[in-house]
Amino acid sequence: MSPKNTTCECDHGTEFEQIAQVIEQYKEKDGALIMVLHAAQEIYGYLPMEVQRFVADGMNLPVSEVSGVVSFYSFFSTQKRGKHTIRMCQGTACYVRGGKKVVDAIKKELDVEVGGTTEDGQFTFEIARCIGACGLAPAMMVDDDVYKQVTPAKLRGILALYADAPETAAGGGAGA
């Protein structure tokens, strides 16, 4: 049995076909909704309402159930995201060691608000309550790379590693 609407009249037909394949693979398994949503977000980039409806139809679930899961888990995004995600830690250690100044510097440098994506689509900026790197405070992540003792002065050099770069930047990591 395949999803009710496996084709899309929009420009995203191939992406919806890929999502339909994932739905087909997992829809009979209990608790598979989160797995399907993760895959759908990986394929489509984010989970707008049209994707949520498609998943709901394909898994024979109410749209409200799918939307409830999407809105509950912070990993899921209903807004288009940048190529790279910046997560600035604002846990206690990072905050008291200057994390707020780095947040202000990111907002100024990239002309983006917390939760927003830069106009050029390069960066999405988020606040993390803790990234588990308290000894490196203030700490920041760009994608999966962790940066220690970040200051406004170090920020431009870190961001330069990712601007217009391929999917993963070289030279990142905790040693930066």
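**Exercise 1. A residue of helix α3**

Task: Is Gln-52 buried or exposed, and which residues does Gln-52 touch beyond four places in sequence?

Solution. 
1. Gln-52 has a relative accessible area of 3%, so this residue is buried. The model is a predicted one.
2. Gln-52 belongs to helix α3.
3. Leaving aside residues up to four places away in sequence, Gln-52 touches Leu-47, Val-66, Ser-67, Val-70 and Thr-78.

**Exercise 2. The overall layout**

Task: State how many helices and strands the protein has, and give their order.

Solution. 
1. The count is 6 helices and 4 strands.
2. Read from the N terminus, the order is α-α-α-α-β-α-β-β-β-α.
3. Of the 176 residues, 41% are buried.
4. The protein exposes about 9,900 Å², and carbon and sulfur atoms supply 50% of that area.
5. Now take the contacts between residues at least 6 apart in sequence. Of these, 61% join residues at least 24 apart.

**Exercise 3. Aromatic pairs**

Task: How many aromatic pairs does the whole structure hold? Classify the pair Phe-16 and Phe-54, then the pair Tyr-73 and Phe-76.

Solution. 
1. The search of the whole structure returns 7 aromatic pairs.
2. For Phe-16 and Phe-54, the ring centres are 4.8 Å apart and the planes stand at 80°, so the pair is edge-to-face.
3. Phe-16 lies in helix α1 (residues 13-26) and Phe-54 in helix α3 (residues 49-58). The pair therefore ties together parts that are 38 residues apart in sequence.
4. Both Phe-16 and Phe-54 are buried.
5. Tyr-73 and Phe-76 are also edge-to-face, at 6.4 Å centre to centre and 90° between the planes.
6. Tyr-73 is partly exposed at 37% relative accessibility, whereas Phe-76 is buried at 7%.
7. Ring pairs also build a cluster of Phe-16, Tyr-44, Tyr-46 and Phe-54.

**Exercise 4. A nonpolar surface patch**

Task: Which residues make the nonpolar surface patch of about 310 Å²?

Solution. 
1. The patch is made by Ile-34, Phe-72 and Tyr-73.
2. Ile-34 sits in helix α2 (residues 33-44).
3. A patch residue needs over 30% relative accessible area. Ile-34 has 31% and is partly exposed.
4. Tyr-73, at 37%, is partly exposed as well.

**Exercise 5. Salt bridges**

Task: How many salt bridges does the whole structure contain, and which residues do shared partners join into one network?

Solution. 
1. The search finds 5 salt bridges.
2. One of them joins the side chains of Arg-81 and Glu-126, at 2.8 Å from N to O.
3. That pair links distant parts of the chain, 45 residues apart: Arg-81 is in the loop between α4 (63-72) and β1, and Glu-126 is in strand β2.
4. Arg-81 is partly exposed at 22% relative accessible area. Glu-126 is buried at 19%; the cut-off for buried is under 20%.
5. Glu-126 also meets Arg-87 in a salt bridge, at 2.9 Å from N to O.
6. This second pair links strand β2, which holds Glu-126, to strand β1, which holds Arg-87, 39 residues apart.
7. Arg-87 is partly exposed, with a relative accessible area of 26%.
8. Another salt bridge is formed by Lys-107 and Glu-113, at 3.6 Å from N to O. Lys-107 is partly exposed at 26%, while Glu-113 is exposed at 53%.
9. The network made through shared partners consists of Arg-81, Arg-87 and Glu-126.

How values were computed. Residues are numbered from 1 along each chain as its sequence is written. This is a predicted model: local features need pLDDT of at least 70, side-chain atom pairs count only at pLDDT 80 or more; totals for chains, interfaces and linings use all residues. Side-chain values use heavy atoms; hydrogens and water are left out. Patches are made of residues with over 30% relative accessible area and no salt bridge: like charges are joined within 9 Å, nonpolar side chains (Val, Leu, Ile, Met, Phe, Trp, Tyr) within 5 Å. Accessible areas come from the Shrake-Rupley method with a 1.4 Å probe; for residues, only the protein chains shown count as cover. A salt bridge is a side-chain nitrogen of Lys or Arg within 4 Å of a carboxyl oxygen of Asp or Glu. Helices (H or I, at least four residues) and strands (E, at least two) are DSSP runs, numbered from the N terminus. Buried means under 20% relative accessible area, exposed over 50%, partly exposed in between (1.4 Å probe, protein chains only). Rings of Phe, Tyr and Trp (its six-membered ring) pair if their centres lie within 6.5 Å; planes under 30 degrees apart count as stacked, over 60 as edge-to-face and the rest as tilted. Contact means heavy atoms within 4.5 Å.
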